[in-house]
Amino acid sequence: MLNLLRMDLRRLVGNKLTIALLFIYCLFHLFAIFMMAENPTPPMNGMTLVEMEEWQFLQHTSSIASSWVLIYLSVFTVYFYMSEYQAGFYKNYLSMRRARIYSVLSKLTVQGVFTLALLATVVLCDVVGRYFFLDNGTFGDPGLFLRVLGIQFLLHWAFSALILVVVIITRQLLTGVIVGIVCSFNLPGMALTALESLIGLPPISSYFLVHEIVNYKDYADLGNTLHAVLVGAVSLLLFTAIALYMKSKEDLR
Amino acid sequence: MAQLLIELKQLTKRYKSKTVLRDINLTVEKGDIFGLIGHNGAGKSTLLKLIGGLIHPTAGQVKLFGQATSVHNGIHDRMGLLIEQAGLYPSYTGRENLRLLSLAYGLRDGGERAERLLERVGLRDEPKTKVKNYSMGMKQRLGIAMALLASPDVLVLDEPINGLDPQGIADIRGLLLELNKQGLTLLISSHILEELSKVATRYAIIDRGEIIETLSREDLLSRCGERIELEVEAASAAAPILERDLQLTNYQVIDQHTLYIMDTRVKNHEIVAALVAGGVAVHSLNTRKQSLEDYFLERTGKGEGHNA
């Protein structure tokens, strides 16, 4: 497992697309903060953008659909998996003991590393953008910030596991990206919410992963925190299990 | 008794309703260069993928090194695979591809091994060329180097000379013979019997998902040499006459009317005279020399189409 992870990490670090994705995201995010500063919106949850602390701002930007973080994660996940699949490189090592299982776990770990790098980029751009464009250099409560960052990391990582499942099943680059984009708009969540109100279903949409990501919640509240951790952890475990099952049953090209 | 490294029993592979391989029984012994011959689409690659653990059998069993396989049990560790195109990252150099794979194998001396293998396959002089700029032959050679990286006991190669020029084919052939001399067992598929016959020691002919014949190099050469095809009233009556009167021992009874005589030193008229004298009517007698390719086409039932 560790050997395959070393190989995948080498690919991650040596890959220009990884750096390019983070850099382009950085520019887009700074531009988005600039536009927010230029076109102020009415106060949300009782406060303006200028008044928000970093953990609130992070929550706020994550809740704007379509979520660019989700789109970037989808593109990365699909690219990282499919580039190996299309090159056929897996054929060189798949004969090793438990290689199918370790390969999936390794890909998931790399996706976790990229998710963390992407969220770190978001935070960095937030801090710089808020300082320059919103005249707010304060960071706020570090404990609460780390809690929100941890929750967002778990939820986003679980989302990348969902995309991995999609590409393992479909083996198609485009399908993976399209599913990622559809999810980033929370279209399934919105459709379910509409159904809930139309036919009086219980509120199951709140347990949907993407719904949890794109809805602003007060994670200072312990109940909300536990709910998010539960949704993230269950989703991650579920998608990991599906990915492992599908990979171990897969007939490879 | 020779050690069996690969043993296939009743191996079947179906994709939905299509049966790609049916009841394959095959053994590969230690030290063999085993040639798997078949037309495109005969099932060669599917069979090699099953042996290499890339796909799962629908029925039957694959035994490697005396143990039944499952995809997780690690027996495949001792095999090097080059199936269909070599699995290479096109934007990396050959060296980078090898180093990446050596990380996956956890090889401490991965760099050294990569250099040695690049030297061996003649790619050491291309340190900065990316794989996407490699010729087909260079990719095949790098693919073989990748398959050799973990020092396997068995090397499985699918159409290794595909797309190579004559010099490339000769180079690969030399490399394979050298590897075999050093103790490596090879399983090679090809649709070009003529080329395979220059290296293989045993053969299996696969057609429409079934193994229709397995034979040794000696068997193949004797079947493809010059022979007299004799059609008589009763082959069972003709055989003792050939042995007694003409001292022929190198012959085969094909069916109740047909015999093949491999010893072509005896004149045709002598054969006819001996048989007639012995009371056996001769319907026809032909001297025939068959090329390896003709033999293959005949066995796979495509000879007529080929000749037309």
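One term before we start: a polar contact is a pair of N or O atoms within 3.5 Å; within protein, one must be able to donate a hydrogen and the other to accept it, and residues adjacent in sequence count only if both atoms are side-chain atoms. This is a predicted model, where local features need pLDDT of at least 70 and side-chain atom pairs count only at pLDDT 80 or more, while totals for chains, interfaces and linings use all residues. Residues are numbered from 1 along each chain as its sequence is written, chains are lettered from A in the order in which they are written, and side-chain values use heavy atoms, without hydrogens and water.

Start where chain A and chain B touch. Across that interface, 12 residue pairs are in polar contact, both residues at pLDDT 80 or more. The side of chain A that touches chain B divides into nine nonpolar, six polar and 12 charged residues (Ala, Val, Leu, Ile, Met, Phe, Trp, Tyr, Cys and Pro count as nonpolar, Asp, Glu, Lys and Arg as charged, and the others, Gly among them, as polar).

Next, select D251(A) and K13(B): their side chains form a salt bridge, N to O at 2.5 Å (the rule asks for a side-chain nitrogen of Lys or Arg within 4 Å of a carboxyl oxygen of Asp or Glu). The count between the two chains is one salt bridge.
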